[in-house]
Amino acid sequence: MKREKRRALGVFVLLALVPVAGFAVERLQFKPGFNLFAPKQDVEVGRKAASDADKQLPLVNDPEVVRYVNDLGHKLVQYEPVEADSPWTFKVVNSRDITAFAWPGGFIYVNRGAIEAAEDEAQLAGVMAHETGHVVMRHGTHQASQVMIAQMPLAILGGMLGQSSSLVGQLAQMGIGFGVNSVLLHNSRSAETQADEVGTYVLYHAGYNPHAMA
């Protein structure tokens, strides 16, 4: 709860830096960090993780709910500040926890609790736009890259990731798993802040009040 309050405060500060929120949003700069993975490998890793998640999580299959979340998600990703060649899939988890998460490559999961807690569509859009921010800034594979560098020389890693053999198998050998405790979902405070900034940008350009991010 304290972390969520700090993040909300950070968004308020972001939007209060200049008198006009739109001007503040336009001045944001976006650049993904260091990454050993190619963008297409983000999709490969994310697809494997999402496949495992689908088998483990209680998903909501109500067609109206699924269609609504997918329509909203695909509306938002049209306004990403960084181009991402991602399949963009959006699913709803039947959990009361107020949260959402994103696997690399554009596989977004929103908990039912987050949908129910949102006071309006702009707030839900803010939650989802934040998660798409993690995807376009490639936070999951950036984090994995840092873990891999700590374990193995860069020259060897480059050769491994360039091979045609299974990337998923290589990551498993290095102890990088795909469950809910995966390093792919462990974002730093700076990554969370950057995802908030991307989300604010997307909300503004999609026609929502960017203050809904808070």
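Me: How many bridges join E1 to E3?

Reply: Five bridges join E1 to E3, and these two strands run parallel. Strands are DSSP runs of at least two residues (E), helices are runs of at least four (H or I), and both are numbered from the N terminus. Two strands pair if DSSP finds at least two bridges between them. This is a predicted model in which local features need pLDDT of at least 70 and side-chain atom pairs count only at pLDDT 80 or more, while totals for chains, interfaces and linings use all residues. Residues are numbered from 1 along each chain as its sequence is written, and side-chain values use heavy atoms, with hydrogens and water left out.

Me: In what order do the three strands of the open sheet stand?

Reply: The order is E1-E3-E2, with mixed pairing. E1 and E2 are the edge strands, each pairing on one side only. On average, neighbouring strands are turned by 20° against each other, direction ignored. Within the sheet, valine 92 stands opposite valine 110 in E3. Helix H3 (residues 39-56) packs on the sheet and touches E1, E2 and E3; its direction makes about 35° with that of E3. Contact here means heavy atoms within 4.5 Å.

Me: How is the packing of two helices described?

Reply: Two packed helices are described by the angle between their axes and the distance between the axes. Axes are lines fitted to C-alpha atoms, for helices over the stretch in contact, and angles run from 0 to 180 degrees between N-to-C directions. In this model, H4 and H6 pack at about 65°, with their axes 10 Å apart. H4 and H6 are therefore roughly perpendicular to each other; that term covers 65 to 115 degrees, whereas under 35 is roughly parallel, over 145 roughly antiparallel and the rest oblique. H4 contributes Tyr68, Val69, Leu72, Gly73 and Leu76 to the contact, and H6 contributes Glu121, Leu124, Ala125, Met128 and Ala129.

Me: Which residues have the most contacts inside the largest nonpolar core?

Reply: A nonpolar core is a set of buried Ala, Val, Leu, Ile, Met, Phe, Trp, Tyr and Cys residues joined through side-chain atoms within 4.5 Å. Buried means under 20% relative accessible area, exposed over 50%, and partly exposed in between (1.4 Å probe, protein chains only). The largest core has 31 residues, and Leu76, Met128 and Tyr208 have the most contacts inside it. Its largest share, seven residues, comes from H6. Not counting residues up to four places away in sequence, leucine 76 touches Ala125, Met128, Ala129, Val202, Ala206 and Tyr208. Apart from this core lies another, of 22 residues, including Trp103 and Leu171.

Me: Is histidine 139 buried or exposed?

Reply: Histidine 139, in helix H7 (residues 139-151), is buried because its relative accessible area is 6%. Beyond four places in sequence, histidine 139 touches Gly133, His134, Asn187, Ala191, Gln194 and Ala195. Histidine 186 is found in the loop between helix H9 (167-173) and H10 and counts as partly exposed, at 42% relative accessibility. The C-alpha atoms of histidine 186 and glutamine 143 are separated by 7.5 Å, although the two residues are 43 apart along the chain.
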